[in-house]
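Please look over the sequence and the structure shown here before reading the notes that go with them.

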Amino acid sequence: MNNIFIKELKEEEIKKALALVWEVFLQYEAPDYSQEGIDEFYKSIHDYNYLKNLRIFGAYVNDVLAGVIATRSESTHIALFFVDRKYHRQGIGRHLFQTVIQHNSSGKITVNSSPYAVPVYHKLGFRDTSAEQIVNGLRFTSMEWRP
């Protein structure tokens, strides 16, 4: 694997990161969602009040943005976690998740996982804390990670 570099994104880098999030969402998540859920997700990643509360990290491979993870609530909740399909199964997600662990002091991390990502989170050590729910068209399973 080429060099993976993780950094917290600056405001001017976030637009590019959100474009990657949207592209990956459409490829892997949207097929499991109703139009209401797709619209709701789009609205959330374009909502300044939502985005300003996120801490966003990018994973770069040879200076190319390969993945994004965003947290809120002092790195205790993963709000966004997407890796470009060209970089799947190359450790990008694990590196991003390790970055979140390093910034988390609470001893636990939560996420509301899309159906597509449930197996990914299980592989990272998350456990389901509820059955799948649907809110505003968004399908998710609440999960939790503890060291």
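The model is a predicted one. Its largest pocket holds about 1200 Å³ of space, while the second largest pocket has a volume of about 230 Å³. Across the whole structure, a search finds 7 salt bridges.

**The largest pocket**

- The lining of the largest pocket is made up of 41 residues, and those closest to the centre of this pocket are Glu 29, Phe 81, Ser 114, Ala 117 and Tyr 121.
- Sorted by class, the lining of the largest pocket comprises 23 nonpolar, 9 polar and 9 charged residues.
- Elements that each supply at least two residues of this lining include the helices H1, H2 (35-44), H4 (92-103) and H5 (118-123), together with the strands E4 (77-83), E5 (109-113) and E8 (138-145).
- Strand E4 gives the largest share of the lining of the largest pocket, namely 7 residues.

**Glu 29, a buried charge**

- Glu 29 belongs to helix H1, which covers residues 11-29, and Glu 29 is also among the residues closest to the centre of the largest pocket.
- Although Glu 29 is buried, it has no salt bridge, and the nearest side chain of opposite charge, that of Arg 139, is 9.2 Å away.
- A salt bridge needs a side-chain nitrogen of Lys or Arg within 4 Å of a carboxyl oxygen of Asp or Glu, and the 9.2 Å to Arg 139 can be read against that cut-off.
- When residues up to four places away in sequence are not counted, Glu 29 touches Val 24, Phe 82, Ser 114 and Tyr 116.

**The second largest pocket**

- The residues that line the second largest pocket are Glu 8, Leu 9, Glu 11, Ile 14, Tyr 48, Leu 51, Lys 52, Leu 54, Arg 55 and Ile 56.
- Two or more residues of this lining come from each of H1, helix H3 (48-51) and strand E2 (55-61).
- By class, the lining of the second largest pocket has 6 nonpolar and 4 charged residues, with no polar ones.

**Salt bridges**

- Lys 43 pairs with Glu 40 in a salt bridge whose closest N and O atoms are 3.4 Å apart, and both residues lie in helix H2, 3 residues apart, which is about one turn of the helix.
- Glu 40 counts as partly exposed because its relative accessibility is 21%.
- Lys 86 and Asp 84 form another salt bridge, with the closest N and O atoms 3.5 Å apart; Lys 86 counts as exposed at 58% relative accessibility, whereas Asp 84 counts as buried at 9%.
- Lys 108 forms a salt bridge with Glu 144, where the closest N and O atoms are 3.4 Å apart.
- This pair links distant parts of the chain, 36 residues apart, with Lys 108 in the loop between H4 and E5 and Glu 144 in strand E8.

**Trp 145**

- Trp 145 is part of strand E8, and it counts as buried because its relative accessible area is 12%.
- With neighbours within four places in sequence left aside, Trp 145 is in contact with Phe 97, Ile 101, Gly 107, Lys 108, Ile 109, Leu 124, Gly 125 and Phe 126.
- Trp 145 and Glu 12 are 133 residues apart along the chain, and their C-alpha atoms are separated by 31 Å.

Conventions
Residues numbered from 1 in each chain as written. Predicted model: local features only at pLDDT ≥ 70, side-chain atom pairs only at ≥ 80, totals over all residues. Heavy atoms only, no water. Helix = DSSP H or I, 4+ residues; strand = E, 2+ residues; numbered from the N terminus. Buried < 20%, exposed > 50% of the residue type's maximum accessible area, 1.4 Å probe, protein only. Lys, Arg positive; Asp, Glu negative; His and termini not counted. Contact = heavy atoms within 4.5 Å. 1 Å grid on protein atoms, 1.4 Å probe; cavity = no way out; pocket = protein on both sides within 12 Å on 5 of 7 lines; lining within 4 Å. Points joined across faces, edges and corners; volume = space filled by probe spheres on them. Nonpolar A, V, L, I, M, F, W, Y, C, P; charged D, E, K, R; others polar.
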